[in-house]
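Me: I would like to go through this model term by term, asking what each label rests on. Please set the values against the cut-offs before you conclude.

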Amino acid sequence: MADRHQARFPQPAAVCVSEFRLIRQILVLMLLCATHARSQQLPGGLGRPLQQAQGTVSFTFVASNRGIPLSSLGSQAQLQFGSVSYAGMGRRQGLEIAAGTTSFLVRTWLALRLDNPAQPGGSAELSAMLLSPDPDHTYSIDGVRLSTASQRIQAHVSYGSVTEHRLEIEIPRSVPESRAGVTQAITFLAVPN
Amino acid sequence: MKKLTLCLIALALLLPAAALAQSGITANGQLTITANVQSSIALTFKDGGQGTLTVNGADPTQATIALGNVSGAMTSSSTNATVTTSGGNLVITSPFVLSVTGTNTPTTDYKLVASASAPVGTEKIFFGATEITTSGTTFNTVTYGDTTYSLNLQVPLSQGPGAITRTVALTATTN
């Protein structure tokens, strides 16, 4: 009877050993998770606190010498092409229109600057994505076709320097003007390297 | 002990999430883009294959049809235009191709207005069977693409000899 009792209700010492193993496994799991998450961010892996190591990156659109002026600068900018057409309507300094067989390209240049006071000599990866899908137009920056998923534009953008990027929008000739107008937003992301 | 275990499990689950939340140290910028796309239409001339039409290389919206020397005794001109007599008229005929392309247009056809300059005498100009008047003749629905027209110059046999120079202005408008 005593043996059966012991089998159903283990000794206190056995309970302690089992719990200890579980706690130890959980702690190891926590350590692994923390290490993995941090290693995704810091090239150097473990070490300094993430915020201290990478600082705060700021994103700013600035005036471009090559492109048409943005109607506002800062981190939220507006680019107004005005009226454009296959026949070249709207062509002006900073705005190129290239006619193709089945479509035409509207092209301009954007300038932007990334800053990070904590890492003035560092760099960030620049990505961009469309805010909403647009089946009628094709958008690209520096030749990288954009979609609603983030696309890498430049792997290393140095903090403090102004970089210019070519923005192209392809407009099919077959789309009627009632549907051909462009209303879109591009979100840029800068992730510290 | 059970409570401690549960707490540790919860911590283990939360820690990666917290670490990933920290990983979102990114800078964002947003560019709003707007453009109004306008429809456009382009008109160019093409040779009808008989060599009477010469397209201006620098500006294919302009062309010249030289019908050459003609008389009632001829069946073709010195520039290969067809020459006949019909109803008391000397009829000189030469085909040409008008190429009209529409971009971002709402329809597949356009309107063409042709206006002839004042006649030298009483001669008339026709596109096919339709007379092109000085006040303007309208072809309401023409499909985009290449359209072959037959230019007919009808000169009354009673009209005296001499050079005839006429100009036809063409205007294509999206429908």
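Me: Where is Ser140(A) found, and what makes that element a strand?
Reply: Ser140(A) is found in strand β6 of chain A, and the label follows from the rule that strands (E, at least two residues) and helices (H or I, at least four) are DSSP runs numbered from the N terminus. The model is predicted, so local features need pLDDT of at least 70 and side-chain atom pairs count only at pLDDT 80 or more, whereas totals for chains, interfaces and linings use all residues. Residues are numbered from 1 along each chain as its sequence is written, chains are lettered from A and ligands numbered from 1 in the order in which they are written, and side-chain values use heavy atoms, with hydrogens and water left out.

Me: Why is Ser140(A) called buried?
Reply: Its relative accessible area is 12%, and buried means under 20%, with exposed over 50% and partly exposed in between (1.4 Å probe, protein chains only); Ser140(A) is therefore buried.

Me: Which residues does Ser140(A) touch, leaving out those up to four places away in sequence?
Reply: Ser140(A) touches Arg145(A), Leu146(A), Arg166(A), Leu167(A) and Glu168(A), where contact means heavy atoms within 4.5 Å.

Me: What makes Arg166(A) and Glu168(A) a salt bridge?
Reply: The closest N and O atoms of Arg166(A) and Glu168(A) are 3.4 Å apart, and a salt bridge is a side-chain nitrogen of Lys or Arg within 4 Å of a carboxyl oxygen of Asp or Glu, so the pair qualifies. Arg166(A), at a relative accessible area of 29%, is partly exposed, whereas Glu168(A), at 11%, counts as buried.

Me: How do you know that Arg179(A) and Asp136(A) form a salt bridge, and which parts of the chain does the pair link?
Reply: Their side chains meet at 3.2 Å, N to O, in a salt bridge. The pair links distant parts of chain A, 43 residues apart, with Arg179(A) in helix α4 (residues 177-180) and Asp136(A) in the loop between β5 (123-130) and β6 (138-141). Arg179(A) is partly exposed at 48% relative accessible area, while Asp136(A) is buried at 17%.

Me: What about Arg166(B) and Glu123(B): are they buried or exposed, and where do they lie?
Reply: Arg166(B) and Glu123(B) meet in a salt bridge of 2.9 Å, N to O. Arg166(B) lies in the loop between β11 (145-156) and β12 (168-174) of chain B and Glu123(B) in the loop between β7 (109-116) and β8 (124-127), so the pair ties together parts that are 43 residues apart in sequence. Both residues are buried.

Me: How many salt bridges are there over all chains?
Reply: The count comes to 8 salt bridges over all chains.

Me: What makes a set of residues a nonpolar core, and how many residues has the largest?
Reply: The term covers buried Ala, Val, Leu, Ile, Met, Phe, Trp, Tyr and Cys residues joined through side-chain atoms within 4.5 Å. The largest nonpolar core has 41 residues, and those with the most contacts inside it are Phe81(A), Phe188(A) and Leu31(B). Leaving aside neighbours within four places in sequence, Leu31(B) is in contact with residues including Phe61(A), Leu110(A) and Phe188(A).

Me: What is the mean pLDDT of chain A?
Reply: On this scale, the predictor's confidence in each residue from 0 to 100, chain A has a mean of 80, and 72% of its residues reach 70 or more. Over residues 1-17 of chain A the pLDDT is below 50, and this stretch has 2 contacts beyond near neighbours in sequence.
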